[in-house]
Every structure is written in C-alpha cells, then in structure tokens.
Amino acid sequence: MLDVVTDMDSQRDSSQLSEQMVSTIQQRTDSRVRGLQIDVTERGITISGRVDVYHVLQLVLEVVKDLQAEYRVPVCVQVQVIQRPAAT
C-alpha cells in the first residue's frame with residue numbers, strides 16, 4: 001500500500017490536479033499501480049494504490065517529487081509493505 005500526503009494551496013483546481021496526477025502516474029508506471037486513488041482537498045493530497053515491485057513505487061515517488069517542485073509543497077510519504085505468503 002502506498003499513501004502520499006502533501007499540503008497544498010486551497011486555490012488549486014483539485015479536480016484538474018487529480019486528473020493530471022492520475023494520468024502522469026499511470027503513464028510513468030505503465031498502469032502498474034492497482035487501485036490508484038487520488039484525493040485532493042484543501043488540506044493536502046493523498047495518493048493510494050498497490051504496487052508489486054519497489055521500482056513502481058520509485059516511479060510514483062518521482063511524480064510526487066515533480067509535484068513538490070512545481071507546487072512547492074511539503075511532502076510526507078507513508079509506505080505500508082504487505083508481504084505475500086511464502087510459497088509452499
């Protein structure tokens with residue numbers, strides 16, 4: 001599970017930003033983030049989804065880094081690792 005939370009200016013068009021972020025994340029990850037959800041509020045941005053490999057998480061974090069540079073917002077990243085059951 002991947003959760004990314006940022007603070008942002010409430011004057012931004014949240015719908016447009018959300019659509020742009022979904023498009024950018026899906027493009028950079030070849031649509032490998034399952035259950036991708038982006039919630040933009042005046043308090044911040046939450047990006048949630050599931051990835052199978054660390055590399056895809058890195059690609060999502062690059063999108064967040066670009067967002068931070070463009071909108072100059074502080075970023076707090078929370079990552080939850082869910083291990084698969086051992087193969088028998």
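1. Salt bridges. This predicted model holds two salt bridges. In one of them, the side chains of Arg-28 and Asp-66 meet, with an N to O distance of 2.6 Å. This pair links distant parts of the chain, since Arg-28 lies in helix α1 and Asp-66 in helix α2, 38 residues apart. Arg-28 is partly exposed at 34% relative accessible area, and Asp-66 is partly exposed at 36%.

2. The other pair. Arg-34 forms a salt bridge with Asp-52, and their closest N and O atoms are 3.0 Å apart. Here too the pair links distant parts of the chain: Arg-34 is in strand β2, and Asp-52 is in the loop between β3 and α2, 18 residues apart. Arg-34 has a relative accessible area of 46% and is partly exposed; Asp-52, at 47%, is also partly exposed.

3. Helix α1. The helix covers residues 14-28, and its 15 residues should span 21 Å at 1.5 Å a residue. The C-alpha atoms at its ends are 21 Å apart, which agrees. Leu-17, Ser-18, Met-21 and Ile-25 are buried. Seen down the helix axis, the buried residues of α1 fall within an arc of 100°, so they line one face. Gln-16, Glu-19 and Gln-27, on the other side, are exposed. Asp-30 follows α1 and has a positive phi, near 55°.

4. Nonpolar core. The largest nonpolar core has 14 residues, and Met-21, Ile-25, Ile-38, Ile-45 and Ile-47 have the most contacts inside it. At least two residues of this core come from each of α1, β2 (34-40), β3 (45-50) and α2 (54-71). Helix α2 gives the most, with five residues.

Notes
Residues numbered from 1 in each chain as written. Predicted model: local features only at pLDDT ≥ 70, side-chain atom pairs only at ≥ 80, totals over all residues. Heavy atoms only, no water. Helix = DSSP H or I, 4+ residues; strand = E, 2+ residues; numbered from the N terminus. Expected span 1.5 Å × (residues − 1). Buried < 20%, exposed > 50% of the residue type's maximum accessible area, 1.4 Å probe, protein only. Arc of directions from axis to C-beta. Core = buried A, V, L, I, M, F, W, Y, C linked by side-chain atoms within 4.5 Å. Salt bridge = Lys/Arg side-chain N within 4 Å of Asp/Glu carboxyl O.
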